[in-house]
Amino acid sequence: MFISYIRTIILYVLLIAAVRLMGKRQLGELEPTEFVVAILIADLASVPMQDIGIPLFAGVIPILTVLSIELIFSVLSVRFRPVRKFLSGSPVMLMENGKILVQNLMETRLTVDELTQHLRAQGILDLSTVQYALMEVDGKISAILDPKYQPPTAQDLQIHVDAAEMPVAVISDGVILDDQLAASGRNRAWLDKQLRHFGCTAEEVFLLTATKSGKLYLCRQEVDA
Amino acid sequence: MKHLATGVVILLLCLAICFTSLAVLDHWTTHATSQLEQALELADQEYFDEAEALVTETWEFWRRRRGFFGMVLRHTEADQVNSTFRQLVEYAQNGCAEEFEPTCADLIEQINHLCDMEKPYYYNVL
């Protein structure tokens, strides 16, 4: 039991390090190679976790090997298009100018019900309004509406809108983030003034964000009843 | 480039660990089996005291390295070898040539098999 406990901690730390090393792509966009790696690594870790008769290295070495191969292939994919095409494939056009490309649909082994389901999930009911629909390499379906049916933008309506500002967290979970405060061009004196205005201390704040123009968002800590 | 270098370094490191553990395992198993073969010859010539001393020495050699074997081999396999060593020492102490010789041959085979299983031969890989 104790051995399993220690091995679980070791393998957990190793898996976290492996996922961090592979980068945010691994978490957000599961392309075929990344999907394989995710399943493999999980499986490889579970074997020595549960069977203490197997050496720990019997799990660690394969995990590190899979990690290193994934790192190498991901870099080669970025640098060399043929490698990318071989490992991930290419997006497939499913619809063009409102017409379903039946041959391509059959090649992707996607049914028309699945296609309409994915489009509905994106708020598209009328297929004739779709200019392009593509199945991406990670299996997601992207749909671009014909410009006639797209919601108008501020530019279309010739309305002036202010540029979006990135809010910066200056207090998080009661702790003042001095480096973020400095990055937003503010100082402690300004912060104290804002907190007095809100009638609270820094410790009572769960989150306080500020933009460059001075727009604030405050969320107080919840007090247990 | 950083990720590529990291990937290559980790891959080479794993390869180095595999080769090193194989080399060390090969060296130690060869040493153990050659001593056991000598013990077998001694037993064949009915020098059971010398055979027992040699087997005990080989067992001690094996036990001193149990940390390494525990990291590289399946525990059941390592336990099996220990169990056979124990039996062999008993047979040597009791002068039982009929049990000693086949058990010693079996132990040599087991230890050779442990090393062979780690070698990158095609039948191991497939």
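What follows is a list of selections, with a note on what is there.

**Before you start**

This is a predicted model, in which local features need pLDDT of at least 70, side-chain atom pairs count only at pLDDT 80 or more, and totals for chains, interfaces and linings use all residues. Residues are numbered from 1 along each chain as its sequence is written, chains are lettered from A and ligands numbered from 1 in the order in which they are written, and side-chain values use heavy atoms, with hydrogens and water left out.

**Stop 1: confidence**

The predictor assigns the complex an ipTM of 0.80 and a pTM of 0.73. The chain B average is 90, and 100% of the residues score at least 70. Helices here are DSSP runs of H or I with at least four residues, strands are E runs of at least two, and both are numbered from the N terminus.

**Stop 2: a nonpolar patch on chain A**

Select Phe2(A), Tyr5(A), Ile6(A), Ile9(A), Ile10(A), Tyr12(A), Val13(A) and Ile16(A). Together they form a nonpolar surface patch with about 820 Å² of accessible area. Patch members have over 30% relative accessible area and no salt bridge; like charges are joined within 9 Å, nonpolar side chains (Val, Leu, Ile, Met, Phe, Trp, Tyr) within 5 Å. Areas come from the Shrake-Rupley method with a 1.4 Å probe, and for residues only the protein chains shown count as cover. Now pick Ile10(A), in helix H1 (residues 2-22) of chain A. Ile10(A) has a relative accessible area of 37%, so it is partly exposed. The cut-offs: buried is under 20%, exposed is over 50%, partly exposed is in between.

**Stop 3: a negative patch on chain B**

Select Glu37(B), Glu41(B), Asp44(B) and Glu46(B), which gather in a patch of negative charge on the surface. Asp and Glu count as negative, Lys and Arg as positive; His and the chain ends are not counted. Each charge is placed at NZ of Lys, CZ of Arg, CG of Asp or CD of Glu. Glu41(B) sits in helix H1 (residues 2-44) of chain B. Glu41(B) is exposed because its relative accessibility is 52%.

**Stop 4: salt bridges**

How many salt bridges are there over all chains? The count is six. The rule asks for a side-chain nitrogen of Lys or Arg within 4 Å of a carboxyl oxygen of Asp or Glu.

- Show Lys119(B) and Asp26(B): their closest N and O atoms are 3.8 Å apart. This pair links distant parts of the chain, 93 residues apart: Lys119(B) is in the loop between helix H5 (97-118) and H6, Asp26(B) in helix H1. Lys119(B) is buried at 18%, whereas Asp26(B) is partly exposed at 30%.
- Show Glu60(B) and Arg63(B), a salt bridge at 3.1 Å, N to O. They are three residues apart in helix H2 (residues 48-64) of chain B, so about one helical turn separates them.
- Show Lys148(A) and Asp146(A), with the closest N and O atoms 3.7 Å apart. Lys148(A) is exposed at 64%, but Asp146(A) is buried at 19%.

**Last stop: strand E4**

Select Ser142(A), in strand E4 (residues 141-145) of chain A. Ser142(A) is partly exposed, at 22%. Check the distance to Pro91(A), 51 residues away along the chain: the C-alpha atoms are separated by 9.9 Å.

Note on methods:
Buried < 20%, exposed > 50% of the residue type's maximum accessible area, 1.4 Å probe, protein only. pLDDT = per-residue confidence, 0-100.
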